Amino acid sequence: MRHKTKWKVFIILLVVFTVVVINLYENLSVKVTKYVFDTGKLHEEFGGLRIVQLSDIHMIRSEEQSDKLYNKTLEQKPDVIAITGDLIDTDKYANKEYQEMTVSFCRRLCSIAPVYFVYGNHEIMLLDDPENNLFKTRLEANGVHILNNSCKMISKDGYEFNLLGIQDPATLYKDEKYAFGNGSVDILNDITNELDRDNVSILFAHRPELFSLYTDDYNIDVTLTGHAHGGQFRIPFTSIGLYAPNQGFFPQYTSGMYKSGGNIMVVNRGIGNSKIPFRIFNMPEIVVLDIR
């Protein structure tokens, strides 16, 4: 009996050790996840528009992390780099070293391809002085395009693409135009009002739980979001996440590509962590999307 008990204890300890090792490895690694989406608007000979999406970085906290993310992004040879919110972290924002490394990282990204950034909920820290915040102005000075509540047209190989961005609703409280209205609805009505519907329209947002809004008649073909952190803790061998902000337990949108009619939304699991400092069976990721 004692012999059997020892073996049970050994097996339990082995399982626990294995799970811990796996999750330590995953928390220190970054996966590159690739998707291809055929919009039906582009000819077959078009090579595609490649977007690398980074989300929920929550500040660069080491040079090693910066190098790893930069090199993985460089390897993908993107046409556009999207940062879909929570570049900073409210609890770590006061750390000047983290601020410096984050700005430096963004400067390096801009040497690869144009970088477009929309605010997530953690960017609320930038709103005490929305126009002159030093962190924001340094990002812009180093080449980052802040796409909040606006639209920009880009071209590749004779095709034009509409890039749209909306900032997180939590950060609208000081906005003179949108603070007391219908938030994201009003923003989307404004920035899509005069879109050329023949162009592919790509929305950079933060919150995936607003997918039904994004698929309303705004002529949006692709939406890139984050925020959910992949559910933080995922049940192994499934796509089930435990919890996501604003979605609660067992959230609907945590990771992957979701379709509604002719529209898709990609939810990025993100890079960093915030209140909960680790993930379980939920590797950080960089998303690569080829639009054809």
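Which side chain meets Glu209 in a salt bridge? Select Arg207: its side chain and that of Glu209 form the bridge, at 3.6 Å from N to O. This is a predicted model.

Asp168, Arg207 and Glu209 are linked in a network of salt bridges. Arg207 is buried, with a relative accessible area of 12%.

Keep Arg207 and Asp168 and extend to the cavity. The structure holds 1 cavity of 30 Å³ or more, and the largest cavity has about 30 Å³ of space. Select its lining: Ile166, Gln167, Asp168, Pro169, Ser184, Ala205, His206, Arg207, Leu210 and Tyr214. By type, these lining residues are 5 nonpolar, 3 polar and 2 charged.

Next, select Asp221 and Lys41. They form a salt bridge whose closest N and O atoms are 3.2 Å apart. Asp221 sits in the loop between helix H6 (211–214) and E9, and Lys41 in the loop between strand E1 (31–37) and strand E2 (49–54), so the bridge ties together parts 180 residues apart in sequence. Asp221 is buried at 7% relative accessibility, while Lys41 is partly exposed at 29%.

Move to Arg108 and Asp67, whose side chains meet in a salt bridge at 2.8 Å, N to O. Arg108 belongs to helix H3 (residues 96–110) and Asp67 to helix H2 (residues 63–75), 41 residues apart. The search of the whole structure finds 13 salt bridges.

Finish on the surface. Select Ile235, Ile240, Leu242, Tyr243, Phe249 and Phe250, a nonpolar patch with about 590 Å² of accessible area together. Ile235 is in the loop between strand E9 (222–225) and strand E10 (243–244), and is partly exposed at 39% relative accessible area.

Terms used:
Residues numbered from 1 in each chain as written. Predicted model: local features only at pLDDT ≥ 70, side-chain atom pairs only at ≥ 80, totals over all residues. Heavy atoms only, no water. Patch = residues over 30% accessible without salt bridge, like charges linked within 9 Å, V, L, I, M, F, W, Y side chains within 5 Å. Areas by Shrake-Rupley, 256 points an atom, 1.4 Å probe, with all protein chains shown as cover. Salt bridge = Lys/Arg side-chain N within 4 Å of Asp/Glu carboxyl O. Helix = DSSP H or I, 4+ residues; strand = E, 2+ residues; numbered from the N terminus. Buried < 20%, exposed > 50% of the residue type's maximum accessible area, 1.4 Å probe, protein only. 1 Å grid on protein atoms, 1.4 Å probe; cavity = no way out; pocket = protein on both sides within 12 Å on 5 of 7 lines; lining within 4 Å. Points joined across faces, edges and corners; volume = space filled by probe spheres on them. Nonpolar A, V, L, I, M, F, W, Y, C, P; charged D, E, K, R; others polar.
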